[in-house]
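Student: I've got a model open and I'd like to learn how to read it. Can we go through it together?

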Amino acid sequence: MSDNLFTIFRSRFSADLAKVFIARPDGSSLTYAELVELSGRLANVLTALGVKPGDRVAAQVEKSAE
């Protein structure tokens with residue numbers, strides 16, 4: 001498999017990155033552009049911590065859109 005998980009997901013995103021990806025119960029929303037930006041920030045943090053392509057990462061977090 002040559003693509004990473006993000007690349008596979010990104011290929012299925014709306015071409016209009018301003019489109020809403022998820023609407024929250026409080027009325028706020030997350031756009032595809034914000035999702036891409038948040039994913040990039042997380043990837044940068046993991047890279048800075050020494051995580052390399054192919055490494056496995058586990059996370060335990062509260063349920064949220066983020």
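Student: What does the accessible surface of the protein chain come to?

Tutor: Accessible areas come from the Shrake-Rupley method with a 1.4 Å probe, and for residues only the protein chains shown count as cover. Here the protein chain has about 5800 Å² of accessible surface, with 57% of that belonging to carbon and sulfur atoms. One caution: this is a predicted model, where local features need pLDDT of at least 70, side-chain atom pairs count only at pLDDT 80 or more, and totals for chains, interfaces and linings use all residues. Residues are numbered from 1 along each chain as its sequence is written, and side-chain values use heavy atoms, with hydrogens and water left out.

Student: Where is confidence lowest and where is it highest?

Tutor: pLDDT is the predictor's confidence in each residue, from 0 to 100. The mean for the protein chain is 85, and 94% of its residues reach 70 or more. Helix α1 (residues 5–10) is lowest, at a mean of 76, while strand β2 (residues 29–31) is highest, at 92. Where pLDDT is low, the predicted coordinates should not be read in detail.

Student: What pattern does the protein chain follow along the sequence?

Tutor: Helices (H or I, at least four residues) and strands (E, at least two) are DSSP runs, numbered from the N terminus. In this chain the order is α-β-β-α. The radius of gyration, taken over C-alpha atoms, is compared with the globule rule, 2.2 Å times the number of residues to the power 0.38. The protein chain has 14 Å, well over the 11 Å that the rule gives for 66 residues, so it is more spread out than a compact globule. Its C-alpha trace spans about 35 × 30 × 20 Å along the principal axes.

Student: How many of the 66 residues count as buried?

Tutor: Buried means under 20% relative accessible area, exposed over 50%, and partly exposed in between (1.4 Å probe, protein chains only). By that cut-off, 9% of the 66 residues are buried.

Student: Thr 31 next: buried or exposed?

Tutor: Thr 31 counts as buried because its relative accessibility is 17%. This residue sits in strand β2. Contact means heavy atoms within 4.5 Å; leaving aside neighbours within four places in sequence, Thr 31 is in contact with Leu 17, Ala 18, Lys 19, Val 20 and Phe 21.

Student: And what does Ala 65 touch?

Tutor: Not counting residues up to four places away in sequence, Ala 65 touches Ile 22 and Arg 24. Ala 65 lies in the segment after α2 (32–48), and its relative accessible area of 31% makes it partly exposed.
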